[in-house]
Amino acid sequence: MKPLVPLFVVIPLGAAFLIPILSKVWRRFSEIIGGIASASILFLSGYFLFNLRSGIVYPVGGWLAPFGIVFVVDKLSVFFVFVIALIWFLSYLFAINYMDRYTGGWKFYTLFSLMHAGMMGVAITGDLFNLFVFLEIASVSSYALVGFSVEEEGLEAGFKYMVMGEIASLFILLGIAFVYASFSTLNMADISLSLASATKNAVYYFVFALFVFGFSLKSAAFPFHSWLPDAHPAAPAPVSAVLSGVFIKILGIYSLSRIVFNVFGLSRANAPGIFNILLLLGILSIIFAGLAALVQRDYKRILAYSSISQIGYIIAGFGIGNIWGIIGALLHVLSHAMGKGLLFLTSGSVVYRTEERDIEKMAGFGVRMPWTGYSYLFGMLSLSGIPPFIGFFSKLFLLIGAVKQSMYGVAVIFVIFSAVTFAYLLRIENKVFWEKTVKGFSDSPFLMVFSMVILVLLLLVSGLCFSHITKEFVKPAAEVLLRGVLYAKDILGGI
Amino acid sequence: MVVVLGSLLLVLVGIYAILTKKNVMKIVIGFALMEYAINLLFAMVGFKKGAVAPIITSIPPKHNFVDPLPQALVLTAIVIGLGTTAVMLAFALRIYDKTKTFDIDKLRRLKG
């Protein structure tokens, strides 16, 4: 398995290189190459997910751990890699039909593949500067994708997103510069060993604040969220599904949790103040974005605010900091990736037929577009936490975590805002799909319907086998985080 | 220490430009300033007084080498900065094409 590790980055990068060249020969080559790349990555990540025993350290160019760059695939990375590959593959299938509305298809597929190369790189790298490079590859292509329509809305949202995102990236780079100045190393395992014996002076807290600011801006937690409700609706629907589904989680949540738990070696026991800050960020995101979503009129904007609210659940899960909270957070990463991906795809399906996003002007689409309507219904049920869908179990684990830590107020907020989630998602269901005055149009093309139905089935199946998923994939991933600085011994020992 | 504080001051100048200027082009210039300041800081991390360039020759050097790694990292960071600046300028041009203005106060369709 070890020689296969770089393929996670190489395949999407190679696809991004080949698409512009070969699309000159025949236009459909761009779709074929992208499809082969996404299918092979999905297959590869599935193979890793089921067969990975403990973890793999791959030294790039043969230079071993503290000196060269290493790729690290452990249980946490492979979980995130699989979620990315899954959502990428399905939104890719959706995009093949959907992108007929735009010109310049090969540019879309190139940027889409580049973004995935960056996200895969962030998930498997074990080097801090390398993380920054991949983060920038993913971010720059996402800015371009948000402005892909080149209409006024897309450009304004894209520019705004770019200003905020670049400030975050530069702050992360500044943090990396200070880390290198202090420890003369960039390997995450090596840094964590040095940090363990370092004194906690002003530079330590400054660097930590820079990282928390940068990565929470990338993940759109509450005070840093203002770009997301503009940027995600302005993007084409498959891009919104990927941005909301996995992008903010991999760049924000994964990097933040890796750095807080494994590099800085913090846990609720040794740094309760920092974990309370994370919990507060999460709770504020849940409350603010949940209430803001209630008063929106735009289909995709409601979903975008909902994303901030659900990201709040995930950050709060990490902030709770015991094993149950972290399992809940990671399970919520999976359930929200599939659920919100599905809902953004249904919005794409509606826009594809009607060119309309204002929910007050739509009615009765459930009759005309039964597949889209029922997909939305099931996605809504899962996101707002109705059994037997996976969304119920992720919120259940978060609740158990809060109660075990004796945070009853947090648990109450989780439950109340689960109901608020149901309320604002039900508004779309009500306005768009139920009422019965309708002019003639039919459901979306086959591939679009197909990817939505697969997501519904996945939500249901993963909900039914939740105990298996939790035991096999999520709990080992949570244990990687809770091992803290022991991570360093794993990496430097070559596992 | 002086170098670190000077670079941080330059970072702050960049942030000031980004936060207060209304012209899209001036915001882009603010980003360039901030980027160069961080690159300067990063390059100075590897500096040692009286050390020589880190090139291995047959004659052993009399002094220490400076740390070559930050120089390589800064090269990478400069290339990334070029890419982001290019994308940002492309946004600025397209915005001017659509709205005939560089003033961000006039771009108010979206409310955040």
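Tutor: A:Pro388 sits in the loop between α15 (370-383) and α16 (390-404) of chain A. Keep in mind that this is a predicted model. The peptide bond joining A:Pro387 and A:Pro388 is cis, with omega about 10°. Most peptide bonds are trans, and most residues other than glycine have a negative phi.

Phi of A:Ser406 is positive, near 60°, and the residue is not glycine. Is A:Ser406 buried or exposed? It has 8 other C-beta atoms within 10 Å, so it is exposed; the cut-off for that class is 12 or fewer.

A:Val150 belongs to the loop between α5 and α6 of chain A. Here too phi is positive in a residue other than glycine, near 55°. A:Val150 has 14 C-beta neighbours inside 10 Å, so it counts as partly exposed.

A:Glu355 follows α13(A), and its phi is positive as well, near 60°. That leads to the helix itself. Helix α13 of chain A covers residues 323-354. Its 32 residues should span 46 Å at 1.5 Å a residue, and its end C-alpha atoms are 46 Å apart, so expectation and model agree. Most of α13(A) is covered, with 27 of its 32 residues buried.

Now the core. The largest nonpolar core has 224 residues, and A:Val83 and A:Ile84 touch the most other members. Helix α3 (residues 75-98) of chain A gives this core its largest share, 20 residues. Which residues does A:Val83 contact, once neighbours within four places in sequence are left aside? They are A:Val246, A:Val333, A:Leu334 and A:Ala337.

One more pair shows how the sequence folds back. A:Glu472 lies in helix α19 (residues 466-482) of chain A. A:Glu472 and A:Phe50 are 422 residues apart in sequence, yet their C-alpha atoms are 8.7 Å apart in space. A:Glu472 has 13 other C-beta atoms within 10 Å, so it is partly exposed.

Of the 495 residues in chain A, 61% are buried. Take the contacts in chain A with a separation of 6 or more: residues 24 or more positions apart account for 80% of them.

Chain B is built of three helices and zero strands. Along the sequence its pattern reads α-α-α. A compact globule of 112 residues would have a radius of gyration near 13 Å, but chain B has 19 Å. Its C-alpha trace spans about 65 × 25 × 20 Å along the principal axes. Buried residues make up 27% of its 112 residues. Among contacts in chain B with a separation of 6 or more, residues 24 or more positions apart account for 48%.

Next, the interface. In total, 28 residues of chain A are in contact with 28 residues of chain B. On the chain A side, the elements giving two or more residues are α5 (128-146), α6 (152-183) and α9 (228-234). Of these, α6(A) provides the largest share, 17 residues. By class, this side of chain A has 19 nonpolar, three polar and six charged residues.

Last, confidence. The model scores ipTM 0.93 and pTM 0.93. Chain A has a mean pLDDT of 88, and 98% of its residues reach 70 or more. Chain B averages 86, with 95% of the residues scoring at least 70. Among the elements of chain A, α5(A) has the highest mean pLDDT (93), and helix α14 (residues 365-368) has the lowest (73). Where pLDDT is low, the predicted coordinates should not be read in detail.

Conventions
Residues are numbered from 1 along each chain as its sequence is written. Chains are lettered from A and ligands numbered from 1 in the order in which they are written. This is a predicted model: local features need pLDDT of at least 70, side-chain atom pairs count only at pLDDT 80 or more; totals for chains, interfaces and linings use all residues. Two residues are in contact if their C-beta atoms, placed from the backbone, lie within 7 Å. Helices (H or I, at least four residues) and strands (E, at least two) are DSSP runs, numbered from the N terminus. Ala, Val, Leu, Ile, Met, Phe, Trp, Tyr, Cys and Pro count as nonpolar, Asp, Glu, Lys and Arg as charged, and the others, Gly among them, as polar. A residue is buried if 20 or more other C-beta atoms lie within 10 Å of its own, exposed if 12 or fewer, and partly exposed in between; C-beta atoms are placed from the backbone. The expected span of a helix is 1.5 Å times one less than its number of residues. pLDDT is the predictor's confidence in each residue, from 0 to 100. A nonpolar core is a set of buried Ala, Val, Leu, Ile, Met, Phe, Trp, Tyr and Cys residues joined through C-beta atoms within 7 Å. The radius of gyration is taken over C-alpha atoms; the globule rule is 2.2 Å times the number of residues to the power 0.38.
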